[in-house]
Every structure is written in C-alpha cells, then in structure tokens.
Amino acid sequence: MVPSRGDDYYIPEVFKVRNESLLDEQVKGLSFFYLIKDENNSILGRINLVDIDDSDKIGFLGYRVGQIHTGKGVAKKALKLLLNTIVDLHIKEVNAITTTNNIASQKVLEQNGFEHTETSDKEFEMNGQMLKFINYTWINKSLF
C-alpha cells in the first residue's frame with residue numbers, strides 16, 4: 001500500500017547502484033534490513049530501519065508483509081522485535097509514514113507506541129484513490 005518506486009527502479013543498472021548503496025549503509029550501521037520469518041523459516045515479509053542520522057540517532061521505518069500473512073499480527077510482532085533491538089543501538093527516534101487508507105498500518109504503529117504527528121495537506125492518487133500521507137513518530141523513552 002505504498003506508492004510505486006518508479007519505473008527506473010526496475011532498470012538493472014539503476015537497481016544495482018541503489019542496492020549497493022543500501023548494502024553500504026547497512027555496513028556503516030546507518031540502516032538495518034530484516035526478513036520476517038515464521039518458525040519454519042518461510043519469509044512472511046520484511047522490516048527495515050533506514051537513513052539513520054548518525055548524530056541525531058533518528059531513523060525511518062519501513063515494512064511489508066505478504067498479503068496472505070496480513071491480519072495475523074505479523075507486522076505488530078515484527079515491529080515490537082525491531083524496537084526492542086534498536087533500544088540497544090541508542091536510536092532516539094523512529095519516524096514512519098503511512099497513508100490515510102492504510103488503517104491496519106496505523107493500528108500496528110499505534111499499538112507499538114508510535115504517536116500520530118501529522119497528516120499531510122497534499123493529496124495524491126494511488127490505485128484510483130485520493131490519499132494523504134500520515135506521519136508517526138516513536139520516541140525511545142529509555143534514553144530520556
């Protein structure tokens with residue numbers, strides 16, 4: 001339920017450069033990428049914390065769960081695990097963006113302690129619907 005990455009994303013040369021950049025960020029500790037797996041090691045989705053500002057310790061959340069696994073608490077549990085992991089990394093704040101029609105994601109964020117901080121004034125069209133972005137923030141209270 002996110003906007004397209006754009007047609008350029010699927011050009012092999014562009015994808016390679018973007019992928020190398022993401023791997024470099026992970027090596028530097030500026031991004032963390034995880035697969036969400038079940039007890040049988042089947043991939044259910046992915047969750048990541050990216051673009052971590054090294055000085056302010058603020059990162060940006062992203063996650064996707066396969067359609068057949070939605071509504072089963074997978075995203076909620078994965079986000080809880082991620083937040084427990086990053087507490088030890090001294091991450092102060094995590095920002096997330098979802099859309100006005102993505103009620104499930106809004107609930108996952110709120111159930112994990114994210115606060116709604118802003119709803120964009122600008123509308124955009126996605127899948128034939130006019131939507132707005134909703135911003136959420138999680139504060140690592142153990143650091144304050």
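Here are some numbered notes on the structure above, going from the ground rules to single residues.

1. Ground rules. This is a predicted model, so to speak of local features a pLDDT of at least 70 is needed, side-chain atom pairs count only at pLDDT 80 or more, and totals for chains, interfaces and linings use all residues. Numbering runs from 1 along each chain as its sequence is written, and side-chain values use heavy atoms, with hydrogens and water left out.

2. The core. The largest nonpolar core has 24 residues, and Ile47, Leu61, Leu79, Ile86, Val94, Leu109 and Phe114 touch the most other members. Such a core is a set of buried Ala, Val, Leu, Ile, Met, Phe, Trp, Tyr and Cys residues joined through side-chain atoms within 4.5 Å. Two or more residues each come from β1 (32-37), β2 (43-53), β3 (58-65), α2 (74-87), β4 (93-99), α3 (103-111) and β8. The largest share, seven residues, belongs to α2. For the labels, helices (H or I, at least four residues) and strands (E, at least two) are DSSP runs, numbered from the N terminus.

3. Helix α2. This helix has 14 residues and spans 20 Å from its first C-alpha to its last, close to the 20 Å expected at 1.5 Å a residue; the expected span is 1.5 Å times one less than the number of residues. Its buried residues are Val74, Ala75, Ala78, Leu79, Leu82, Leu83 and Ile86. Seen down the axis of α2, those buried residues fall within an arc of 155 degrees, so they line one face of the helix. The arc is that of the directions from the helix axis to the C-beta atoms. Over on the other side of α2, Lys77, Lys80 and Leu81 are exposed. On the cut-offs, buried means under 20% relative accessible area, exposed over 50%, and partly exposed in between (1.4 Å probe, protein chains only). What covers the buried residues of α2 includes β1, β2, β3, β4, α3 and β8.

4. Leu109. What does Leu109 contact, leaving aside its neighbours within four places in sequence? The list is Leu61, Tyr63, Leu79, Ala96, Thr98, Phe114 and Tyr136, where contact means heavy atoms within 4.5 Å.

5. Thr137. You'll find Thr137 in strand β8 (residues 133-139). It is buried, at a relative accessible area of 13%. Its side chain makes a polar contact with the side chain of Asn95 (2.8 Å). A polar contact here is a pair of N or O atoms within 3.5 Å; within protein, one must be able to donate a hydrogen and the other to accept it, and residues adjacent in sequence count only if both atoms are side-chain atoms. Leaving aside neighbours within four places in sequence, Thr137 is in contact with Glu93, Val94, Asn95, Gly113, Phe114, Glu115 and Thr117.

6. Asn140. In the segment after β8 sits Asn140, buried at 2% relative accessibility. A polar atom of the Asn140 side chain lies 2.9 Å from the backbone oxygen of Ile91. Beyond its neighbours within four places in sequence, Asn140 is in contact with Val87, Ile91 and Lys92.

7. Aromatics. Rings of Phe, Tyr and Trp (its six-membered ring) pair if their centres lie within 6.5 Å; planes under 30 degrees apart count as stacked, over 60 as edge-to-face and the rest as tilted. By this rule there are three aromatic pairs. In one of them, the ring centres of Tyr9 and Tyr10 are 5.1 Å apart with planes at 80 degrees, so the pair is edge-to-face. Tyr9 is buried at 17%, whereas Tyr10 is exposed at 60%. For Phe124 and Phe133, centres 4.4 Å apart and planes at 25 degrees make the pair stacked. Phe124 is buried at 18%, while Phe133 is partly exposed at 30%. Tyr9, Tyr10 and Phe15 form one aromatic cluster.

8. Backbone angles to look at. Asn41, in the loop between β1 and β2, has phi near 75 degrees, a positive value in a residue other than glycine. Asn41 is exposed, at 53% relative accessibility. Asp51 also has positive phi, near 50 degrees; this residue lies in strand β2 and is partly exposed at 46%.

9. A distance across the model. Ser21 is in helix α1 (residues 12-27) and is partly exposed, with a relative accessible area of 39%. Ser21 and Lys141 are 120 residues apart along the chain, and their C-alpha atoms are separated by 31 Å.
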